[in-house]
Amino acid sequence: MTEGDGSVFYELALVLALAAGVGVIGLLLRQPLIVAYIATGLIVGAGALHVVSSAPHIDVLAEIGISVLLFLVGLKLDLKIIRALGAVALATGLGQVLFTSVVGFFLCLALGFGTVTSLYIAVALTFSSTIIIVKLLSDKRELDSLHGRIALGFLIVQDIAVVVAMVVLSAYGVGTSKSPSGLGVFGVLGSGIAVLAFVALFIRFAAEPLLKLIARTPELLVSFALAWAVLFAAAGDWLGFGKELGGLLAGVSLASTSVREAVATRLSSLRDFLLLFFFVGLGARLDLSDLGAQIGAATILSAFVLIGNPLIVMAIMGAMGYRKRTGFLAGLTVAQISEFSLIFMAMGLSLGHVDRESLGLVTLIGLVTITLSTYMILYSHALYRFCEGYLGWFERAVPQREHAFESSVENERQRYDMVLFGLGRYGRAIARALQGRGVSILGIDFDPEAVEHWRKLGLPALYGDAEDPEFPSTLPLSDVKWVVNAIHPIAQGVTHDDPRLALTVSLRHAGYRGRIAVRVNSTEEGDIFIKGGADLVLSPFIDAAERAVELLEIPESAKDCSVKP
């Protein structure tokens, strides 16, 4: 290792240590990590400690993080989900985007910003953080509530708006900059069409069989997904339509596969880690003296986001026939800007459309709105009780639409009585016996062939890994009475990394309050799982022996069962 390499290593070690420390403080204050990461950047940047001189290395990690982030956005852009969006999600999502961008544009003009800068800032203010909102609603057990489902719907609309905005920027960049490949405008457009054709053919013929093959080894699935995202991002940058659009297309190419949820949950932690460097780099480049001069504009625009965005959502939902309480709780979820707002402004900076001061302003708005809106969502019910008397005009005399929506949600929602992990012989035997009694079962296994076999029998199944701590939070558990873990134990005894124990813990952390049954090898293992949160242990050999005794119908009082001559 050279002396220069050593300094880079020491700087990254210091950045990670500070990020972890500030993150702990943020955790105690119940703040999202994005706030802690930007604060870390401010601490290590020129305005404070001035310890980061290896900006190029941080930038490379940040670019990989953005590629993974947009890959995961593309991974969620399944046409089935988009078609399933209801009228309320489309109306509130599009209404909020239009309101914020139009009013925000004129507000920025009034504050003295130029036309192009005002347009960028206004668009940046329209995006809300899906990652933060899902985490907060999940922690509050409100993802399945009416306002939670509506909020998730219009957040998907916002994600689509993000995609459109970045595609427009990438298209504009084609006409204003030269690609590293040396292609002209028409060459870049032609290569873009060729990439789209490749993605379409890949989705049609290769995506599902290739992912099923790779998914047999979960570790390889993560490596492939990361390589796929970065490869597309690099190709997009080289061809001239941008790393961001390349990463997005990589996700779209895998969005229709049966293992996309497993890919998404496994990459989410890596995405958060790599985005640390984007936000740290962003904070490190901010000049605190410049931020001081922008406090006035940041205060006005932050108030606009914190108050104006929720009000427009409440007005639209009230006009559509929803209660003021539902509109209020859903509206609070758009009272902040997102990580995409900062990425969008960074793209504008790279194209020369905005300056660093504008990026710093939006970053400051992000710090203010994310910090305050987090508390607004955490204490939403108390805040509603405080504001309830002033919200009467946001509700119709008879909010009939809400009753109809609740009824349709209950009718359309897929319900399961049981979730079964492990679709081997033992799991299939349990499923057959229970289905004979009319029990609806969702099967889950990390073996794509087992999942495919289950589906060929006409039964619902998902590809998933019991060791993934975030996977249970993606499951429809609200109506599930039993989760049965029929996974075959890898070895005798229970270790700290036993997937059966990991699943039990992650189910409880995901808020599952039903009953859990776990397959064990011995009574000693059973005692460990009962103490670890399981309600029932299943021991195939012991249970089979006891059932055999019952079938033999040998009375306990029999003293001599031997055959005498």
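Here are some numbered notes on the predicted model shown above.

1. **The overall picture.** Let's start with the whole chain. This is a predicted model, and its protein chain has 24 helices and 6 strands. Of the 565 residues, 50% count as buried. If you look at contacts between residues at least 6 apart in sequence, 75% of them join residues at least 24 apart.

2. The chain averages a pLDDT of 83, and 86% of the residues score at least 70. Residues 405–412 are another matter: the pLDDT there is below 50, and beyond near neighbours in sequence the stretch has 8 contacts in the model. Where pLDDT is low, predicted coordinates should not be read in detail.

3. Have a look at helix H18, which covers residues 380–387. Which of its residues are buried? They are Ser380, Tyr384 and Cys387. Looking down the axis of H18, you'd find these buried residues within an arc of 70 degrees, so they line one face of the helix. Arg385 and Phe386 are exposed, and they sit on the face turned away from the buried side. As for what covers the buried residues of H18, that includes helix H15 (324–331) and helix H17 (356–378).

4. Glu339 belongs to helix H16, which spans residues 339–350. Side chains of opposite charge can pair when their charged atoms come close. Glu339, though, is buried and has no salt bridge: the nearest side chain of opposite charge is Arg271, at 6.9 Å. What does the side chain of Glu339 join in a polar contact? The partner is the side chain of Ser129, at 2.9 Å. Setting aside neighbours within four places in sequence, Glu339 touches Ile34, Leu69, Ser129, Ile131 and Phe279.

5. **An alanine at 0%.** Ala124 is part of helix H6 (residues 115–124). Is Ala124 buried or exposed? Its relative accessibility is 0%, so Ala124 counts as buried. Apart from neighbours within four places in sequence, its contacts are Ile337, Ser341, Phe344, Met345 and Val362.

6. **Salt bridges, starting with Lys76.** The structure holds 10 salt bridges. One of them pairs Lys76 with Glu261, with 3.3 Å between the closest N and O atoms. That pair links distant parts of the chain, since Lys76 is in helix H3 (residues 55–76) and Glu261 is in helix H12 (residues 260–284), 185 residues apart. Lys76 is partly exposed, at a relative accessible area of 41%. Glu261 also counts as partly exposed, at 25% relative accessibility.

7. **A bridge between two loops.** Asp479 and Arg415 meet through their side chains in a salt bridge, 3.7 Å from N to O. Asp479 lies in the loop between strand E3 (461–463) and strand E4 (482–485), while Arg415 lies in the loop between helix H19 (400–412) and strand E1 (418–421), so the pair ties together parts that are 64 residues apart in sequence. Asp479 is partly exposed, with a relative accessible area of 29%. Arg415 is partly exposed too, with a relative accessible area of 41%.

8. Arg500 forms a salt bridge with Glu525, and their closest N and O atoms are 3.1 Å apart. Arg500 is in helix H22 (residues 499–509) and Glu525 in helix H23 (residues 523–531), so this pair ties together parts that are 25 residues apart in sequence. Both Arg500 and Glu525 are buried. Elsewhere, salt bridges that share partners join Lys76, Arg260 and Glu261 into one network.

9. **One backbone angle to check.** Where is Arg30 found? It is in the loop between helix H1 (3–28) and helix H2 (33–44). Phi of Arg30 is near 65 degrees, which is a positive value in a residue other than glycine. With 45% relative accessibility, Arg30 counts as partly exposed.

Technical notes. Residues numbered from 1 in each chain as written. Predicted model: local features only at pLDDT ≥ 70, side-chain atom pairs only at ≥ 80, totals over all residues. Heavy atoms only, no water. Buried < 20%, exposed > 50% of the residue type's maximum accessible area, 1.4 Å probe, protein only. Helix = DSSP H or I, 4+ residues; strand = E, 2+ residues; numbered from the N terminus. Arc of directions from axis to C-beta. Contact = heavy atoms within 4.5 Å. Lys, Arg positive; Asp, Glu negative; His and termini not counted. Salt bridge = Lys/Arg side-chain N within 4 Å of Asp/Glu carboxyl O. Polar contact = N/O pair within 3.5 Å; in protein donor to acceptor, adjacent residues only side chain to side chain. pLDDT = per-residue confidence, 0-100.
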